[in-house]
Amino acid sequence: MKIALVGIGKIALDQHVPALAASPDWDLTATVSRSGQVPGVLAFHDIDTMLAAHPEICAISLCLPPVPRFAAAVAVLRAGRHLMLEKPPGATLSEVHVLRDMAAAQGLTIFATWHSRMAQGVAAARDWLAGRTIREGRITWREDIRKWHPGQDWILDAGGMGVFDPGINALSILTAILPEPVHLQGADLDVPANRQAPIAARLQLSQGITADLDFRQQGPQTWDIRIVTDDGTLVLRNGGNILQIDDRPVTGGDSIMQEYPALYDRMARLVRQGASDVDLAPMVLVADAFTSGRRHAVDPFEF
Ligand code: NAP
């Protein structure tokens, strides 16, 4: 099946292009970008031109930041093509509802991806937690914004979600592995005086779970989830890729390189089955944190 990538930035080049090159299902036929391109692949500056010129491209994968993504997504669905969305699937919940309904009305596949759910330890963590009672939990997601998002001003602007851009990955894992639904009980958001989105956040969730999200981490980086149950303690490290139970390694390793191939494999199966996958549970928790959280002004931030 022929596919096009839109928004040739960091994640498109780091993950989407290699995953598509190795995929038995997909042929990367075109890109749309104001400046970037992929060697050997047709390059367009404008999505409508690409869609009109290549009716044989049946699916479009959008790697844009969330705010400019909606207009591109509507163009894709209006052109009758299947749609794959980077996380978070939109800047607002209501725009994702619109996209989901548009796709359903036209019989098109829409896949709102959560790459961290494809991390090596996540399925085993979900299976181990099934039937156990959660006593408490702790998410620690601390990374250096300057290292992982150099110059990405959009991330700290309105709609960029700030520290929830990585933090939503932790919430995507949490909402996939817990046996019972979790909800937000409180949040504290640290917003730099010169920005619109939080650079750090602390969440209180139901089931005794807390989250410490921080974009200002220097030195060792941490992407861990620890869940204490009535029958042992589970720890997911390295963004869900290493699973430990009661301090013993169970599965996984350091590599994250299987996550995007797994997403494109799932997209291929969804298209062939005429199905869609839009789970907004992680984004609901983030929206609730913005709605109900206490804002604290902190020092201005520059990259
Ligand atoms: P990025 O490097 O800033 O790239 C996004 C690309 O989108 C840009 O290169 C730009 O390409 C295009 N674009 C179009 N309109 C834009 C606008 N108004 N503002 C900024 N860029 C615009 O961002 P990214 O890190 O790839 O992230 C994109 C999405 O992937 C985000 O939703 C993010 O959460 C997700 N993601 C990122 C990572 C990561 O490690 N960076 C990991 C997983 C998921 P052109 O100028 O070429 O058009």
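On a 1 Å grid over the protein atoms alone, a pocket is an open set of points where a 1.4 Å probe fits, with protein on both sides within 12 Å along at least five of seven lines; its lining residues have an atom within 4 Å of a point. A volume is the space filled by probe spheres set on the points, which are joined across faces, edges and corners.

The structure is a predicted model, in which local features need pLDDT of at least 70, side-chain atom pairs count only at pLDDT 80 or more, and totals for chains, interfaces and linings use all residues. Residues are numbered from 1 along each chain as its sequence is written, and side-chain values use heavy atoms, without hydrogens and water.

| Pocket | Volume | Lining |
|---|---|---|
| Largest pocket | about 1300 Å³ | 46 residues |
| Second largest pocket | about 230 Å³ | 14 residues |

Nearest the centre of the largest pocket lie Lys10, Ile11, His149, Gln152 and Trp154. Helices H1 (10–21), H3 (66–78), H7 (164–177) and H8 (259–273) each give two or more residues to this lining; helices (H or I, at least four residues) and strands (E, at least two) are DSSP runs, numbered from the N terminus. Because domain 1 (2–112) and domain 2 (116–253 + 287–298) both give residues to the lining, the largest pocket lies between them; the domain bounds come from an automatic or database domain assignment.

In the second largest pocket, Trp114, Arg117, Met118, Arg266 and Asp277 lie nearest the centre. Strand E6 (110–112), helix H5 (122–129) and H8 each give two or more residues to its lining, and H5 gives the most, with three residues.
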